[in-house]
Amino acid sequence: MNSIKKPSIIGYPYIARPLSVEKKLSILSQDSQYDLACACGSSADDRRKRSDTGDRWIYPVTLPDGGRGFLLKTLLSNACVNDCGYCPLRADTNAQRCTLEPEQVARMFLHYYRSKRVFGLFVSSGVCGSPDSSMQRLIETASILRKREHFKGYIHLKIIPGASDTAIEEALKLASTVSLNIETAGAPNFSKLSKGKDYLRDIIRPIQTIGRLTAKGAPYSRVKHTTQFVVGASTETDRELLSYCGGLYDRLHLQRIYFSAYQRGLGRPDLPGEQSTVSSSDLLTREHRLYQVDFLLRKYRFSADEIPLDSRGFLSLTTDPKQLWARAHPGFFPVNVNKADKWELLRVPGLGHQAVGRILATRKDGRRVNSLENVGTVGKVLGRAREYVCFG
Ligand code: SF4
């Protein structure tokens, strides 16, 4: 929608001027902020870096491989036919709607890319018409960049819920990373968020298709696959979330799962997240704990069923999950720093990959580790290891 008609107070119809491409980009990139499935920064430091760039559509990011940089991140359109209760862009809100053409986004992106302000593009869209017609516009954007402009760098394409297998495959031919947000764990929880979308048909089926096509040895194994949960919008427990995370990593080989604490005030008033008595700061702590567990699953060889949960199926808000696991397994400790293997050492609270790397390097040199001081500065984090290690 390019212009907005408002009633005039002096009797003449008021025709708003069409929005400029920059104005649309400003609106659409702002509306893309809720999507974290490319690790677009949401920390205070990232927000500062973003505003330092002057252009609101440039986002600092951490990529699935750990790299950092800036992306141009935008929606093609914020018009949407869907009714996702947590989303400020759902069909029945008064959000200012606008749409950019694939050619306009491609041109804007190349301008920033050629001036070395961004290294890649993240592009998503509300659902205008059918899922596949929205996919076609995303695909066209990537196609202009890849085929006409011979851009070989990073493109993250969102997969629209309900996209066909054909559209998914077209996107995979062009993208570096694709993501479809899973939103919550299981159809019963999803039914509290949206009546219009079907969890199995529109979310799980396409995620499974992407998983199959990007698996090791499959035609698009070079393409990264990520997703995002919105935490606390429905009534999902952490046990349910972790069970889905285990399946997404183990069976569908996703590179990353992101968690976004539901922001109260943006959703439908009858949404469980709107009616919840959990404070916003506790919800953010819950998000943080889920990220800690995500690390334990991906980088520390924990399995989802080893993660300690309370009797209601939630992570502790007061103690980090690795520390809780250690307290529940006194027989595993103390771990002998001079004999234990890498994965045993990584189970010790306070020891991360860097500290364990130093321990193993010292041992490889034929030297002994005699105290934590040999490993690094013993501050709050490394100090946690003291009660769990020995140096025999
Ligand atoms: S599909 Fe749902 S989450 Fe995505 S823009 Fe539309 S209403 Fe929002």
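A residue counts here as buried when its relative accessible area is under 20%, as exposed when that area is over 50%, and as partly exposed in between (1.4 Å probe, protein chains only). By this scale arginine 301, with a relative accessible area of 57%, is exposed. The structure is a predicted model, in which local features need pLDDT of at least 70 and side-chain atom pairs count only at pLDDT 80 or more, while totals for chains, interfaces and linings use all residues. Residues are numbered from 1 along each chain as its sequence is written, and side-chain values use heavy atoms, with hydrogens and water left out.

The overall picture comes first. Of its 392 residues, 52% count as buried. Contact means heavy atoms within 4.5 Å, and among contacts between residues at least 6 apart in sequence, 65% join residues at least 24 apart.

At 46% relative accessibility, arginine 201 counts as partly exposed. Not counting residues up to four places away in sequence, arginine 201 touches Gly196 and Pro206.

Glutamate 183 sits in the loop between strand 7 (177-179) and helix 6 (187-190) and is buried, with a relative accessible area of 9%. A salt bridge is a side-chain nitrogen of Lys or Arg within 4 Å of a carboxyl oxygen of Asp or Glu. Lys and Arg count as positive and Asp and Glu as negative, whereas His and the chain ends are not counted. Glutamate 183 has no salt bridge, and the nearest side chain of opposite charge, lysine 197, is 4.8 Å away. Its side chain does make a polar contact with the side chain of tyrosine 86, at 3.0 Å. Such a contact is a pair of N or O atoms within 3.5 Å; within protein, one must be able to donate a hydrogen and the other to accept it, and residues adjacent in sequence count only if both atoms are side-chain atoms. Beyond four places in sequence, glutamate 183 is in contact with Tyr86, Phe190, Gln228, Phe229 and Val230.

Glutamate 274, in helix 9 (residues 272-275), is likewise buried without a salt bridge, and the nearest oppositely charged side chain, that of arginine 264, is 5.4 Å away. A polar atom of the glutamate 274 side chain lies 2.8 Å from the backbone nitrogen of glycine 265.

Most residues other than glycine have a negative phi, and most peptide bonds are trans. Glutamate 183 has a positive phi, near 70°, and arginine 301 has a positive phi of about 60°. Arginine 301 is found in the loop between helix 10 (280-299) and helix 11. A cis peptide bond, with omega about 0°, joins phenylalanine 333 and proline 334; proline 334 belongs to the loop between helix 11 (321-328) and strand 10 (335-336).

Finally, the aromatic rings. Rings of Phe, Tyr and Trp (its six-membered ring) pair if their centres lie within 6.5 Å; planes under 30 degrees apart count as stacked, over 60 as edge-to-face and the rest as tilted. The whole structure contains 14 aromatic pairs. One of them joins phenylalanine 109 and phenylalanine 151 edge-to-face, at 5.0 Å centre to centre and 75° between the planes. Phenylalanine 109 lies in helix 3 (residues 102-114) and phenylalanine 151 in the loop between helix 4 and strand 6, so the pair ties together parts 42 residues apart in sequence. Phenylalanine 109 is buried at 0% relative accessible area, and phenylalanine 151 is buried at 4%. The rings of phenylalanine 332 and phenylalanine 333 are 5.1 Å apart at their centres with planes at 70°, so this pair is edge-to-face. Phenylalanine 332 is partly exposed at 32%, whereas phenylalanine 333 is buried at 12%. Ring pairs link Phe302, Trp325, Phe332, Phe333 and Tyr388 into a cluster.

Key: Helices (H or I, at least four residues) and strands (E, at least two) are DSSP runs, numbered from the N terminus.
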